[in-house]
Amino acid sequence: METLLLTLNPLKTQPHLFKFPNSRTPFTNNCRGFFSPISCKLSSQPSKDTTKNKVVVPGAAPSLSEENEPPAKVDSRPKKSGGAVVKRLTKRGLSVLANLPLAIGEMFTIAGLMALGTAIDQGENPEYYFQKYPEDNPILGFFTWRWILTLGFDHMFSSPVFLGTLVLLAASLMACTYTTQIPMVKVARRWSFLHSANTIRKLEFSDSLPKASIQDLGVILSGAGYEVFLKGPSLYAFKGLAGRFAPIGVHIALLLIMSGGTYSAIGSFKGSVTVPQGLNFVMGDVLGPNGFLSTPTEAFNTEVHVNRFYMDYYDSGEVSQFHTDLSLFDIDGKEVMRKTISVNDPLRYEGVTIYQTDWSISALQILKDDEGPYNLAVAPLTVNGDKKLYGSFLPVGNADSTNVKGISMLLRDLQSVVLYDQDGKFAGVRRPNSKLPIEINGTKIEIVDAIGSSGLDMKTDPGVPIVYAGFGALMLTTCVSYLSHTQIWALQDGTTVVVGGKTNRAKIEFPDEMNRVLDRVPEINEPSDVILG
């Protein structure tokens with residue numbers, strides 16, 4: 001019987017010397033080349049016991065006796081596994097949600113709904129939409145009030161259509177992050193070596209350095225900000241790994257923005273009130289919930305008092321700005337805050353924001369024949385255009401008569417009052433608190449004050465901090481995403497170093513950067529320098 005004898009010679013190690021730039025002491029590399037020649041000899045001597053010197057190698061082929069055993073019966077019927085079905089359906093669902101065209105369509109849908117919500121007046125009474133979007137004159141031939149009220153477009157940003165689209169986009173972002181971005185980061189974090197010069201030359205950038213040392217290249221790359229790994233004759237280096245994490249950060253930032261906006265839509269309170277100067281109200285009486293997550297706080301028991309309302313005017317007499325001096329009192333009647341608010345300068349207290357949005361005139365305070373003062377109610381009058389006009393009436397004579405006559409007063413703001421006699425003829429103009437009386441139809445009248453009313457909008461917006469955090473993260477991760485993730489491979493091929501690399505951004509500048517790095521690699525001319533082969 002013939003047997004095959006294998007003889008393994010002992011391993012021989014061979015140290016190598018390297019000399020780094022600006023170093024007088026040679027460096028001994030601990031990497032050793034392994035040389036293990038194998039000699040084979042065929043023997044024809046018969047063996048009496050073939051199992052005495054048998055070597056069992058794990059994973060080797062079975063022995064003849066094992067091969068002669070009959071094979072075990074294998075059930076070829078497919079096994080049904082509920083977990084496998086769920087896993088397959090989950091994978092298919094994630095692939096559908098992570099589809100880029102679907103995500104782009106969702107974003108365009110959200111943008112269109114936001115534009116529609118800007119065009120349609122929000123939060124109005126149904127009668128308003130009945131009149132503005134009648135069925136007998138539909139917009140574009142089909143759009144009427146039924147579309148608005150049925151789909152909830154009168155409160156667009158808390159409507160099921162808008163919130164559902166946001167949820168769908170959030171699901172697409174999470175699916176893309178899980179199926180695409182995270183695996184890409186995992187791959188980018190793995191560092192691997194290329195052991196073929198031909199493979200390196202096929203990269204985006206490649207070059208060869210004759211009479212160069214791969215250790216010198218590693219030192220130069222490390223100084224240029226690269227993370228460098230050496231293994232025998234191979235080198236791998238990278239930098240800008242944070243740029244690979246940036247898309248995940250962008251997705252998280254978008255999710256934060258959408259989560260904050262959704263939380264504000266279904267967990268906030270909102271209300272409007274017009275309060276005459278000198279009166280007060282309780283926050284909780286004005287604020288109404290917007291969604292099922294709206295939860296009142298202790299601040300809702302706070303009382304708001306309007307100390308004073310006044311206006312600023314342009315030289316032309318038009319209103320330029322209006323202000324309200326507000327005081328806040330807790331449940332025990334203690335003043336906890338006071339501030340004068342104006343347009344674009346709101347008051348914020350424990351999550352509640354009070355905005356100055358409008359103004360009105362509630363009453364005229366007059367002296368009649370040196371008696372009083374009397375407060376006359378003021379009502380808004382309908383005029384063409386968007387300018388305001390208010391009017392009041394002072395009865396003269398028998399107030400119980402069916403034909404009551406009196407003095408009419410008109411005013412556009414708090415600056416002046418125009419007076420008319422019983423016949424409707426112009427009588428004069430007086431400024432409040434001017435102390436100049438005017439006599440009309442035998443009645444002496446003095447305008448003491450015009451009492452204004454402050455139009456206030458109030459809301460709680462618990463999602464604002466989340467939205468701000470999302471936008472901050474979005475700006476940061478967008479800047480980080482411009483960092484290039486650059487990878488470089490090199491191989492010592494005799495006395496030549498073959499270098500190649502690639503990058504995901506700045507592809508035009510990458511060759512210039514590589515050339516600048518390679519120009520700094522010194523050429524080895526000394527006979528004592530030994531190159532790792």
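**View 1. Strands β6 and β7 form an antiparallel hairpin.** Strand β6 (residues 227-231) and strand β7 (residues 234-239) run antiparallel and are joined by five bridges. Within this pairing, V228 stands opposite A237 of β7. Two residues lie between the strands of the hairpin, and G232 takes a positive phi near 60°. The model shown in this and the other views is predicted.

View 2. Of the 533 residues in the protein chain, 33% are buried. The protein chain exposes about 33,100 Å², and carbon and sulfur atoms supply 56% of this area. Among contacts with a separation of 6 or more, 58% are between residues 24 or more positions apart.

**View 3. Four strands make an open antiparallel sheet in the order β9-β11-β12-β13.** The edges are taken by β9 (280-282) and β13 (335-342); each has a single partner strand, so one side of each lacks a neighbour in the sheet. On average, neighbouring strands of the sheet are turned by 25° against each other, direction ignored. Strand β11 (residues 303-313) pairs with strand β12 (residues 319-329) over 10 bridges, in the antiparallel sense. In this pair, V304 stands opposite L328 of β12.

**View 4. A salt bridge joins D325 and R338.** The closest N and O atoms of the two residues are 2.5 Å apart. Because D325 lies in strand β12 and R338 in strand β13, the pair ties together parts that are 13 residues apart in sequence. D325 has 11% relative accessibility and therefore counts as buried.

**View 5. K444 and D370 meet through their side chains in a salt bridge.** The N to O distance is 3.5 Å. K444 belongs to strand β23 (residues 443-460), while D370 sits in the loop between β15 (352-368) and β16 (371-377); the pair links distant parts of the chain, 74 residues apart. K444 is partly exposed, with a relative accessible area of 32%, and D370 is exposed at 57%.

**View 6. D461 and K459 form a salt bridge.** Their closest N and O atoms are 3.6 Å apart. D461 has a relative accessible area of 25% and is partly exposed; K459, at 30% relative accessibility, also counts as partly exposed.

**View 7. Four residues form a nonpolar patch on the surface.** The patch consists of I139, L140, F142 and W147, which together have about 450 Å² of accessible area. L140 lies in the loop between α4 (126-132) and α5 (145-151). With 74% relative accessibility, L140 counts as exposed.

Note on methods: Residues are numbered from 1 along each chain as its sequence is written. This is a predicted model: local features need pLDDT of at least 70, side-chain atom pairs count only at pLDDT 80 or more; totals for chains, interfaces and linings use all residues. Side-chain values use heavy atoms; hydrogens and water are left out. Two strands pair if DSSP finds at least two bridges between them. Axes are lines fitted to C-alpha atoms, for helices over the stretch in contact, and angles run from 0 to 180 degrees between N-to-C directions. Patches are made of residues with over 30% relative accessible area and no salt bridge: like charges are joined within 9 Å, nonpolar side chains (Val, Leu, Ile, Met, Phe, Trp, Tyr) within 5 Å. Accessible areas come from the Shrake-Rupley method with a 1.4 Å probe; for residues, only the protein chains shown count as cover. Buried means under 20% relative accessible area, exposed over 50%, partly exposed in between (1.4 Å probe, protein chains only). Contact means heavy atoms within 4.5 Å.
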